[in-house]
Amino acid sequence: MESIRSQRLQPGIGFGAGSTGTLRSSLRPGVTVPTAPPQPPSVCLSASSGPPPPPPPLQLHSLGVGVMGSSGLGAAGMAGLGLCNPGNPTVLREAVEAVVRSFAKHTQGYGRVNVVEALQEFWQMKQSRGADLRNGALVVYEMVPSSSPPYVCYVSLPGGSCFGSFQYCPTKAEARRSAAKIALMNSVFNEHPSRRITDDFIEKSVSEALASFNGNREEADNPNTGIGAFRFMLESNKGKSMLEFQELMTVFQLLHWNGSLKAMRERQCSRQEVLAHYSHRALDDDMRTQMAADWVNREQSVASTIARELAATERELEEARLAGRELRFHKEKKDILMLAVGQLGNANSATLPAGC
């Protein structure tokens, strides 16, 4: 029974497989040949003649995530956390520089600070003070391949959050420094007590959500409603920082974007089950591979689906990067789509006659 439950909670959509006997295969699209007779829509998604389009952006009614309350954060904190768009690049640049100068003053004295070294030292300091960093304290940089400026660099923090160079960077070194600056700013802001999820923050956030969606208090106490699920997730992460919570939200954003949440509902998974399962599951290569396989199925059903989604994702990633926002959701989407392109290329080459 437990194995069946875990299979229903897998992220793959699973087009074209029956509801019994081949459930595990149906959750890994592209493996099972669609020969089973179609089932009623309430059993699985394969009853349709082709894969459904990806769902719209995640909203509260889908899962109860995506409406993080802003109580107590302040405008600067919201901008630093990536929860709003500063709108003015000058304001963002000045805010980042102010935080870097302040950090240098309190840790290394006055003078020019090497932000790349400072960011790494910050996370090593957190680890030495007992922070739970499952993958270590290493900060990872990724340059976007380019033979001419502007150069773009992404930086991934130990918890998984991702930021990118937010300025015009004429050199690769400058792009690396720019990414380190915005990441350091967010890392420092994240240590402030107001960034912790507390009982008071939860109450204010839920009240704001109820007001925004004209909900009632009974909804907030029912985990099967969107607002109730939102409250459940906040309470499950009490004591964590906003950045840690945002890292968790990335998983649910990707599940929604891929259509996985809808598929789980149609596999009779309750919202409570999904929340409990994925609140403790990190984004891994298996999850990415299954989502990529779903996009391969969409492409095989409707040509150019991946190209259109990839173009939209790259625009979103660029806008978010220049605004100084947290980028992991957009970056993971792009990586999954590129993985799908690779899977599609492998599948096509496998069907070519020998000698081609």
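These legends walk through several close-up views of one predicted protein model.

The model is predicted, so local features need pLDDT of at least 70 and side-chain atom pairs count only at pLDDT 80 or more, while totals for chains, interfaces and linings use all residues. Residues are numbered from 1 along each chain as its sequence is written, and side-chain values use heavy atoms, with hydrogens and water left out.

**View 1. The whole protein, before zooming in.**
The protein has 16 helices and three strands. Both kinds of element are DSSP runs numbered from the N terminus: helices are H or I with at least four residues, strands are E with at least two. Of its 356 residues, 47% count as buried. Here, buried means under 20% relative accessible area, exposed means over 50%, and partly exposed is in between, using a 1.4 Å probe and protein chains only. Take the contacts (heavy atoms within 4.5 Å) between residues at least 6 apart in sequence: 64% of them join residues at least 24 apart.

**View 2. Helix 11 meets helix 13.**
Two packed helices are described by the angle between their axes and the distance between the axes. The axes are lines fitted to C-alpha atoms, for helices over the stretch in contact, and the angles run from 0 to 180 degrees between N-to-C directions. Helix 11 (residues 242-258) and helix 13 (residues 271-278) pack at about 130 degrees, with axes 10 Å apart. That pair is therefore oblique; angles under 35 degrees count as roughly parallel, over 145 as roughly antiparallel, 65 to 115 as roughly perpendicular, and the rest as oblique. On the helix 11 side you'll find Leu248, Val251, Phe252 and Leu255, and they meet Val274, Leu275 and Tyr278 of helix 13. By class, the contact of helix 11 with helix 13 has seven nonpolar residues, no polar ones and no charged ones. In this scheme Ala, Val, Leu, Ile, Met, Phe, Trp, Tyr, Cys and Pro are nonpolar, Asp, Glu, Lys and Arg are charged, and the others, Gly among them, are polar.

**View 3. Helix 11 again, now with helix 14.**
Helix 14 (residues 285-301) packs against helix 11 at an angle of about 20 degrees, and the two axes are 11 Å apart. That makes the two helices roughly parallel. Val251, Leu254, Leu255, Trp257 and Asn258 in helix 11 meet Met287, Met291, Asp294, Trp295 and Arg298 in helix 14. The contact of helix 11 with helix 14 divides into seven nonpolar, one polar and two charged residues.

**View 4. Lysine 333 and its neighbours.**
Is this lysine, lysine 333, buried or exposed? Lysine 333 sits in helix 16 (residues 328-350) and is buried, with a relative accessible area of 4%. Leaving aside residues up to four places away in sequence, lysine 333 touches Leu254, Trp257, Glu309, Thr313 and Glu316.

**View 5. Serine 260, in helix 12.**
Serine 260 belongs to helix 12 (residues 260-266). At 0% relative accessibility, serine 260 counts as buried. Serine 260 and aspartate 294 are 34 residues apart in sequence, yet 9.3 Å apart in space, C-alpha to C-alpha.

**View 6. Cysteines without a disulfide.**
How many disulfides does a search of the whole structure find? The search comes back with zero, a disulfide being a pair of cysteine sulfur atoms within 2.5 Å. For cysteine 162, the closest cysteine sulfur is in cysteine 153, 9.2 Å away and too far for a bond. Cysteine 162 is buried at 3% relative accessible area, and cysteine 269 is buried too, at 6%.

**View 7. Arginine 176, in helix 7.**
Arginine 176 is found in helix 7 (residues 172-189) and is partly exposed, at 36% relative accessible area. Not counting residues up to four places away in sequence, arginine 176 touches Val116, Tyr141 and Cys153. Glycine 164 is twelve residues from arginine 176 along the chain, and their C-alpha atoms are separated by 8.5 Å.

Most residues other than glycine have a negative phi, and most peptide bonds are trans. A cis peptide bond joins proline 149 and proline 150, with omega about 0 degrees. Proline 150 lies in the loop between strand 1 (140-143) and strand 2 (153-156). Glutamine 268, not a glycine, has a positive phi of about 70 degrees; this glutamine 268 lies in the loop between helix 12 and helix 13 and is exposed, at 53%. Serine 304 has a positive phi of about 75 degrees, lies in the loop between helix 14 and helix 15 (305-322), and counts as partly exposed at 37%.
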